[in-house]
Amino acid sequence: MDERVKRDWERCVEFHGHVCPGLAIGFQAAQIALKVLPILGGDQYNPKSGIVSIVQNNACGVDAVQTLLSSTFGRGNLMFRDHGKHVFSFIRRQDGRGVRVALKYGAIENERHQVLRIKVMDNTATPAESEEFYQLHKEISLHLVEAPPEEHFDWREIIFELPKGPKLNLTVQCAFCGEGVMEQRASVRDGRISCPECVEKYESQVLKSAYLNKLISISLSRNALRYRDDDLK
Ligand SMILES: [Zn+2]
Ligand SMILES: [Zn+2]
């Protein structure tokens, strides 16, 4: 491993707190970004203009993206899409050109590692199995870091329309808890402004109610239609 890559990996491990295959996935994805973003077409690349990262999972690898690309929620250049996919897009702020990096399906599959992982998590692994698990865990991670990226990843260029203009962060007051909430996140409940927390509370009370239980049992019943009118009153 060359010196710069080694230092980068150490910084990621320090930030994340342990070595794991997930971190290695994010690490390689970010390395691809560092390599590809400067050589995309269009105007000459200006690293100072910044990178926006869109991550389609919230697993270990995102910590490497934050460490290496300075994409963080606080800076407003990290977007999370809850897709449960090892897919990362990196976009140059200067012109919206970017690269979409996807882990190849099955790229890090290792049957023995999976079997041992379940045992370790269940606390049923013997000391020898536990040791073997952590050894494999480390080996898989380091292989991911050291292998040529095309072995585990596919990537392609993309153009992404970044939102333009200043962000307006208007805050309104929730009528139910009295706290402030960003206007874009507010909803209306009973005709009054509500924050997302108060909307959820409202929904969960409905779920718990006898009314809903009754509704479910009636819809499960074969005679649902016959009873619906009387029972729901
Ligand atoms: Zn991890
Ligand atoms: Zn509220």
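Serine 89 has arginine 100, a residue of strand E4, as its bridge partner. This pairing belongs to a predicted model, in which strand E3 (residues 87-92) and strand E4 (residues 97-103) run antiparallel and are joined by five bridges.

- Five of the six residues of E3 are buried, which leaves the strand mostly covered.
- In the hairpin that E3 forms with E4, four residues lie between the strands, and glycine 96 takes a positive phi near 75 degrees.

**Helix H2**
- Helix H2 comprises 16 residues (21-36), and the distance from its first C-alpha to its last is 22 Å, close to the 22 Å expected at 1.5 Å a residue.
- Like E3, which is mostly covered, helix H2 is mostly covered, with 12 of its 16 residues buried; among them are Leu23, Ile25, Phe27 and Gln31.

**Proline 196**
- Proline 196 lies in helix H6, which spans residues 196-208, and it is partly exposed because 13 other C-beta atoms lie within 10 Å, whereas a buried residue would need 20 or more and an exposed one 12 or fewer.
- Leaving aside residues up to four places away in sequence, proline 196 touches Arg185 and Ser187.
- Proline 196 and cysteine 174 are separated by 22 residues in sequence, while their C-alpha atoms are 9.2 Å apart in space.

Notes
Residues numbered from 1 in each chain as written. Chains lettered and ligands numbered in written order. Predicted model: local features only at pLDDT ≥ 70, side-chain atom pairs only at ≥ 80, totals over all residues. Helix = DSSP H or I, 4+ residues; strand = E, 2+ residues; numbered from the N terminus. Pairing = 2+ DSSP bridges. Expected span 1.5 Å × (residues − 1). Contact = placed C-beta atoms within 7 Å.
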